[in-house]
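Here are my notes on the structure, written for someone new to reading such models. Please keep the sequence and the 3D view open while going through the points.

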Amino acid sequence: MVLAQAGAEVRGMLRNGEQLLLTMIIPVLLLVGFSLAPLIDVGGGRRVDFLAPGVLALAVMSTAFTGQAIATGFERRYGVLKRLGATPLSRGGLMLAKTAAVLVVEAVQVVVLVAVALALGWSPQGSPVTSVLAGGALVLLGTAAFSGLGLLMAGLLRAEATLAAANLVYLLLLAAGGVVFPLDKFPAAVRPVLELLPISALTGGLRTVLTGGALPLAALAVLAVWAVVSLGLAARTFRWE
């Protein structure tokens, strides 16, 4: 049942033009635009080397959180979730299916974004094995954390409120999560708080792995806490109607 629902979720995402804009086109445009144009100060080094990990993290957030929250919110409004609730599929099974579908879409995003970044001159550093394993762990934990937050929002708010709130959070985290603007450009008083955000942990962790080859234990711990808390709350509070 979970696999069947995951397949339906993937097909729905790929057929939705707005979802594709959010999850694929916007990250590619940000990567190309900010890499080629001297619009930001990344504190030395090539812009694409700084931006590529951040845009990968943004792609995870746009799919696992923003797109999923909006889609699920409107599914609840139009009675899709109510009909699913009448099947043997549990709330946990639904969340698992949605997360699996997100991972499939993210795999496509990673392939496209890495190809674009390499074409722009990106040169990842460190061991390929470490990069794949540590980067994969970060993406999995980030996906779980953002999926939990998206489902929590969609399960508690009305569809219109979810649409507004998810887009607002997306813009705020894009601006303050270290994706395109380095966190060291923010005031020192707020920096420790920003570093605890899931997007900051994912961005910083991927940047550590892909530019220095080190293992980002702090980022992994932050994402693990967000994943456990958000998925736990979503499982307890999610409403089918």
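The points below take up helices, the core, a surface patch, a salt bridge and some pairs of residues.

1. This is a predicted model. Please keep that in mind at each point.

2. Start with helix H1, which covers residues 2-15.

3. Which residues of H1 are buried? They are Gln-5, Ala-6, Glu-9, Val-10 and Met-13. Looking down the axis of H1, these buried residues fall within an arc of 140 degrees, so they line one face of the helix. An α-helix has 3.6 residues a turn, so residues three or four places apart point the same way. On the face of H1 turned away from the buried side sit the exposed residues Ala-4, Leu-14 and Arg-15.

4. Next comes the largest nonpolar core, which has 53 residues. Leu-31, Met-61, Leu-138, Phe-146 and Leu-202 have the most contacts inside this core. The elements giving two or more residues to the core are H1, H2 (17-36), H3 (47-77), H5 (91-119), H6 (128-156), H7 (159-176), H9 (198-212) and H10. Which of them gives the most? It is H3, with 16 residues.

5. Helix H9 is mostly covered, since eleven of its 15 residues are buried. Among the buried residues are Pro-198, Ile-199, Leu-202, Gly-205, Arg-207 and Leu-210.

6. Pro-53 is found in helix H3. Is Pro-53 buried or exposed? Its relative accessibility is 0%, so Pro-53 counts as buried. Pro-53 and Gly-204 are 151 residues apart along the chain, while their C-alpha atoms are separated by 8.1 Å.

7. On the surface, Val-225, Val-228, Val-229 and Leu-233 form a nonpolar patch. Together these residues have about 360 Å² of accessible area. One of them, Leu-233, lies in helix H10 (residues 217-237). Leu-233 has a relative accessible area of 41%, so it is partly exposed.

8. How many salt bridges does the structure hold? It holds one. The side chains of Arg-46 and Asp-49 meet in this salt bridge, at 3.1 Å from N to O. Arg-46 has 42% relative accessibility and therefore counts as partly exposed. Asp-49 has a relative accessible area of 18%, and buried means under 20%, so Asp-49 is buried.

9. Gly-126 has its place in the loop between H5 and H6, and with a relative accessible area of 47% it is partly exposed. Gly-126 is 87 residues from Gly-213 in sequence, and the two are 4.0 Å apart in space, C-alpha to C-alpha. Gly-44 lies in the loop between H2 and H3, and its relative accessibility of 53% makes it count as exposed. Gly-44 and Arg-83 are 39 residues apart along the chain, and their C-alpha atoms are separated by 54 Å.

Notes
Residues are numbered from 1 along each chain as its sequence is written. This is a predicted model: local features need pLDDT of at least 70, side-chain atom pairs count only at pLDDT 80 or more; totals for chains, interfaces and linings use all residues. Side-chain values use heavy atoms; hydrogens and water are left out. Helices (H or I, at least four residues) and strands (E, at least two) are DSSP runs, numbered from the N terminus. The expected span of a helix is 1.5 Å times one less than its number of residues. Buried means under 20% relative accessible area, exposed over 50%, partly exposed in between (1.4 Å probe, protein chains only). The arc is that of the directions from the helix axis to the C-beta atoms. Patches are made of residues with over 30% relative accessible area and no salt bridge: like charges are joined within 9 Å, nonpolar side chains (Val, Leu, Ile, Met, Phe, Trp, Tyr) within 5 Å. Accessible areas come from the Shrake-Rupley method with a 1.4 Å probe; for residues, only the protein chains shown count as cover. A salt bridge is a side-chain nitrogen of Lys or Arg within 4 Å of a carboxyl oxygen of Asp or Glu. A nonpolar core is a set of buried Ala, Val, Leu, Ile, Met, Phe, Trp, Tyr and Cys residues joined through side-chain atoms within 4.5 Å.
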